[in-house]
Amino acid sequence: MKTKKSITLQILFTLLLFNFLVSSCSKDEPEDEPITTVETWRYSHTVSEDEHDYNGDGIANSNLVNEIDSNCIFNNVSELKSDGTGTAQISGHGNLIVYNAGTSEYEITCIAIDNQTDEITWTKTDSTRTITKNGDTVTYNVIEDAGITYMIVNYNNFPLVTDEFGDPFEYDNITAYYQLD
């Protein structure tokens, strides 16, 4: 003979078991979150280890933007998306610096750059962004300078200048700066 207490416990146990089975069978899938741009980095400037006077104005600079045609700057933007993908875009114009052995002078030529957009993947830490584009992976350091956040990358022995035959002529260690929009 079942007591009222044992019947109540059996009902309670059955309800708990039913509730457990129903909730464990339920597959609540999280809703897909929209993919958003989380960071946009835009080329700012390049600094060389040594100072140069490529434009012949008598003032040597390590900030190479001061040595080139300011109307001839390329637009280089990387957009990093929330899902670890993104795009790297380059367009506009670039400066080609050629050393002319005959005149012992540098010639700066503004050249058009075809618009190009590449798919990238990326990861981050507090102080770095690692970007892979076309199979090449580069790690950028993230720094703060005068209240501006930059993503920077160093290139050692970078060919800054070619000779009149297109061969690398002058090398320097440079740091390229990309500013966070």
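Helices (H or I, at least four residues) and strands (E, at least two) are DSSP runs, numbered from the N terminus. His-45 is found in strand S1.

This is a predicted model: local features need pLDDT of at least 70, side-chain atom pairs count only at pLDDT 80 or more, and totals for chains, interfaces and linings use all residues. Residues are numbered from 1 along each chain as its sequence is written, and side-chain values use heavy atoms, with hydrogens and water left out.

**Around His-45**

His-45 counts as buried, at 14% relative accessibility. Buried means under 20% relative accessible area, exposed over 50%, and partly exposed in between (1.4 Å probe, protein chains only). The side chains of His-45 and Ser-44 are joined by a polar contact of 2.8 Å. Such a contact is a pair of N or O atoms within 3.5 Å; within protein, one must be able to donate a hydrogen and the other to accept it, and residues adjacent in sequence count only if both atoms are side-chain atoms. Neighbours within four places in sequence aside, His-45 is in contact (heavy atoms within 4.5 Å) with Asn-63, Val-65, Tyr-150, Thr-175, Ala-176 and Tyr-177.

**The largest pocket**

The largest pocket has a volume of about 1000 Å³. Of its 37 lining residues, Tyr-43, Phe-74, Asn-76, Phe-158 and Tyr-178 are the closest to its centre. A pocket is an open set of points on a 1 Å grid over the protein atoms alone, where a 1.4 Å probe fits, with protein on both sides within 12 Å along at least five of seven lines; lining residues have an atom within 4 Å of a point. The volume is the space filled by probe spheres set on the points, which are joined across faces, edges and corners. Strand S4 gives the most to this lining, with eight residues.

**Aromatic pairs**

Rings of Phe, Tyr and Trp (its six-membered ring) pair if their centres lie within 6.5 Å; planes under 30 degrees apart count as stacked, over 60 as edge-to-face and the rest as tilted. The count comes to eight aromatic pairs. Two of them are set out here.

| Pair | Centre to centre | Angle between planes | Class |
|---|---|---|---|
| Tyr-43 and Tyr-178 | 5.8 Å | 75° | edge-to-face |
| Tyr-155 and Phe-158 | 5.7 Å | 50° | tilted |

Tyr-43 in strand S1 and Tyr-178 in strand S9 are 135 residues apart, and their pair links distant parts of the chain. Tyr-43 is buried at 15%, and Tyr-178 is buried at 11%. Tyr-155 is partly exposed at 31%, and Phe-158 is partly exposed at 32%. One aromatic cluster is formed by Tyr-43, Phe-74, Tyr-140 and Tyr-178.
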